[in-house]
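Biologist: I have a chain on screen and a few things to ask about it. Shall we take them one by one?

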Amino acid sequence: MFYETNGSSRSMPDGQRIRPWERERRWTLRVVVLGVAIGCLMTTGVLGSQRDTNSWVTVAPGQSLWAIAIRHYPQTDPRQAVWDIQAANHLGGDYIYPGERLVLPPE
């Protein structure tokens, strides 16, 4: 039940030697901690590099979806821009209200 060592094993504070399975358990713990740390860093790097491609507009009194579409999407057909704004904001119709904040999808 005793393991022979070449004298290279460390001693415990009370004079006992570190058993091989304890050494393996410590290495396993180190590898798991290192893997979790690397995973966290990679996730932070990926999520931190993504930019919000949408912009926002606050509806002014008397403003319509058509006016917003013409102003923010001059190169696009206003009808298509209105549909895109409605889809991005989950609007069921053409009604918007002053002070409402709408997301403007990228062109």
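Biologist: Which backbone nitrogen does the side chain of Asn89 reach?
Modeller: This is a predicted model, where local features need pLDDT of at least 70, side-chain atom pairs count only at pLDDT 80 or more, and totals for chains, interfaces and linings use all residues. Residues are numbered from 1 along each chain as its sequence is written, and side-chain values use heavy atoms, with hydrogens and water left out. Asn89 sits in helix α3, and its side chain makes a contact at 2.8 Å.

Biologist: Is Asn89 buried or exposed?
Modeller: Buried means under 20% relative accessible area, exposed means over 50%, and partly exposed lies in between (1.4 Å probe, protein chains only). Asn89 has 17% relative accessibility, so the class is buried.

Biologist: What is the phi of His90?
Modeller: His90 lies in the loop between α3 and β2. At 71% relative accessibility, His90 is exposed. Most residues other than glycine have a negative phi. His90 has a positive one, near 55 degrees.

Biologist: What pattern does the protein chain follow along the sequence?
Modeller: Helices (H or I, at least four residues) and strands (E, at least two) are DSSP runs, numbered from the N terminus. The chain has 3 helices and 2 strands. Read in order, they give α-β-α-α-β.

Biologist: How much of the protein chain is made up of buried residues?
Modeller: The chain has 107 residues. The buried ones make up 19%.

Biologist: Which residue forms a salt bridge with Arg79?
Modeller: Side chains of opposite charge can pair when their charged atoms come close. A salt bridge here is a side-chain nitrogen of Lys or Arg within 4 Å of a carboxyl oxygen of Asp or Glu. The search of the whole structure finds 1 salt bridge. With the closest N and O atoms 3.1 Å apart, the partner of Arg79 is Asp77.

Biologist: What accessible area do Leu34, Ile38 and Met42 have together?
Modeller: Accessible areas come from the Shrake-Rupley method with a 1.4 Å probe. Ile38 is in helix α1 and is partly exposed at 42% relative accessibility. The three residues form a nonpolar surface patch of about 310 Å².

Biologist: How far apart in space are Tyr97 and Ala60?
Modeller: Tyr97 lies in the loop between α3 (78-89) and β2 (101-104). At 54% relative accessibility, Tyr97 is exposed. Tyr97 and Ala60 are 37 residues apart in sequence, yet C-alpha to C-alpha they are apart by 8.0 Å.

Biologist: How far apart in space are Tyr95 and Leu65?
Modeller: Tyr95 lies in the loop between α3 and β2, and is exposed at 67%. Tyr95 and Leu65 are 30 residues apart in sequence. C-alpha to C-alpha, the distance is 8.2 Å.

Terms used. Polar contact = N/O pair within 3.5 Å; in protein donor to acceptor, adjacent residues only side chain to side chain. Patch = residues over 30% accessible without salt bridge, like charges linked within 9 Å, V, L, I, M, F, W, Y side chains within 5 Å.
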